[in-house]
Amino acid sequence: MITGEIKSSIDSIWDTFWTGGITNSITILEQMTYLFFMKMLDDAQKTKEANATIMGVAVKEPTFKEGVWRNPDTDRDVPYNTLRWSVFKNKEAEEMYRIISRDAFAFIKNLNDGKDSSYSRFMANATFLIQNPRTLTKIVEGIDGLDMNNRDTMGDVYEYILGKMAASGNNGQFRTPRHIIRMMVELIKPTLQDTICDPAMGSAGFIVESAKYIQEHYKSELLKKTNAEHYKNGLLHGFDTDTTMLRIGAMNLMLHGVDNPDIEYKDSLSTDNTDENKYSLCLANPPFAGSLAYDAVSKSLLSITKTKKTELLFMALFVRMLQLGGRCASIVPDGVLFGTSTGHMAIRKEIVDNQRLQAVISMPSGVFKPYTGVSTAILIFTKTNAGGTDKVWFYDMKADGFSLDDKRNPIADNDIADIVARFHNLEAEVERTRKEKSFLVPVEEIREKDYDLSINKYKEIEREKIEYEASDVIMNRIETLEQEIQQAILELKKMI
């Protein structure tokens, strides 16, 4: 957890951007990310230098070498030493601004050798937008106190900034609520043997939360070199078509100790994405309400469900991308559960009949407020290509620990712990009735109802019968009351 002091520092930096004329939340985060990366590179090298001094050896693969670096943007030589955070932070405002905006920024844009390129390879179209030396000085002073080598703290710092981005109301659609992501990760329980992918990664929330889960549950296993290598280089994969979000997501992962994730610029639904039978786990909140032309979509996806709707195409993509035995947990709009179009029916039949559908968790419509009030659900299934759906577990989630209005204030009611506990003990759900929050439904009944997966199709609502008095009894009572009122008025007149 980050301290109140660090939060205050981040809030102050955020306010400095606003007063400096940068008010778009995603732009603020992007510009902060550039400066974070500059400091991270210097902090990492200082650690290397300290260790090398103790061991009496030269620094291995230094980012800032001896001599000069040729700036391709200006075609001039720049001493490596001047590009270091610890050096330029002490310069006068005007000089520091020149170094950062002209040289240091160009340096990180062109840093494409070695493991540090996981972030810098998405810098080609990056633009430095801080225009005022005094504004930059205040921001640098604010960031300077952060220890970029402390990944636990910096991970929390970045998530706090992502939260501010969402709370600002701009670009909040990029961020699935953190507690919902955590719930999905706990439902699916990723392991060190998994290969995890989010083909619509945004700020990499699902991938980061999976990494944190593995850090928490496999501490001793991560000490082994092969496991550590897989964790840093082969465990996590993500795609997006927004280079800004790729930069933000890559930084998010780096600050959580994942140095070289497989993060790519890729249109997941197009023919550019040929991934098939590749991943053991997919976690995602893919775009809703999008529509694509048939010729822009991979034919292998259209063979599963011929549709233009992105929410259906992504479900087909999960089926194609997963290995046999691979698992998926995805957020979908409610329309996926009961839509009657050919595409809707096809994808539900695919998941129920050809794969193994395990759970449908209906979430309240306020989960994504204030950005949208759309009702959503979580689908969990396993790829088998041979069916296997027996009984599907339904849960009617009523509360997620926050009010369901635009303010989303914390409240006591929260079904998340109950959802996770019950999902991992489905044997105990057999005796549950349809009147309760969760219950099992046989696959035969789902087929009989045209593969409808909306919980209201199966839930029994208990209605209390209310007995009203006979009308003549009610009329007699009214007449009696009227007589009492008239008598009271007569007595009042006598007193006047």
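Colleague: How many bridges join E10 to E13?
Modeller: Strands are DSSP runs (E, at least two residues), helices likewise (H or I, at least four), both numbered from the N terminus. Two strands pair if DSSP finds at least two bridges between them. E10 (391–396) and E13 (438–442) run antiparallel, and the bridges joining them number five.

Colleague: What pLDDT do local features need here?
Modeller: Residues are numbered from 1 along each chain as its sequence is written, and side-chain values use heavy atoms, with hydrogens and water left out. This is a predicted model: totals for chains, interfaces and linings use all residues, side-chain atom pairs count only at pLDDT 80 or more, and local features need pLDDT of at least 70.

Colleague: Which residue of E13 is the bridge partner of Phe394?
Modeller: Four of the five residues of E13 are buried, so this strand is largely enclosed by the rest of the structure. Buried means under 20% relative accessible area, with exposed over 50% and partly exposed in between (1.4 Å probe, protein chains only). In E13, Phe394 has as its bridge partner Phe439.

Colleague: Which are the edge strands of the nine-stranded sheet?
Modeller: The sheet is open, with mixed pairing and the order E5-E4-E3-E6-E7-E9-E8-E10-E13. An edge strand pairs on one side only, and here these are E5 (262–265) and E13.

Colleague: Which residue of E9 stands opposite Ser330?
Modeller: E9 is mostly covered: seven of its seven residues are buried. Thr376, Ile378, Ile380 and Thr382 point one way; Ala377, Leu379 and Phe381 point the other. Seven bridges join E9 to E7 (322–333), antiparallel. Opposite Ser330 stands Leu379.

Colleague: Which residue of E9 is the bridge partner of Met363?
Modeller: E8 pairs with E9 over seven bridges, in the antiparallel sense. In E9, the partner of Met363 is Thr376.

Colleague: Which residue of E7 is the bridge partner of Cys282?
Modeller: E6 (279–284) joins E7 through five bridges, and the two run parallel. In E7, Cys282 has as its partner Cys328.

Colleague: Why do the buried residues of H16 line one face of the helix?
Modeller: In H16 (416–423), the buried residues are Ile416, Ile419, Val420 and Phe423. Seen down the axis, they line one face because they fall within an arc of 95°, taken from the directions from the helix axis to the C-beta atoms.

Colleague: Which helix is included in what covers those buried residues?
Modeller: Contact means heavy atoms within 4.5 Å. The cover includes strands, among them E8 (356–363), E11 (400–402) and E12 (410–414). It also includes helix H8 (178–188).
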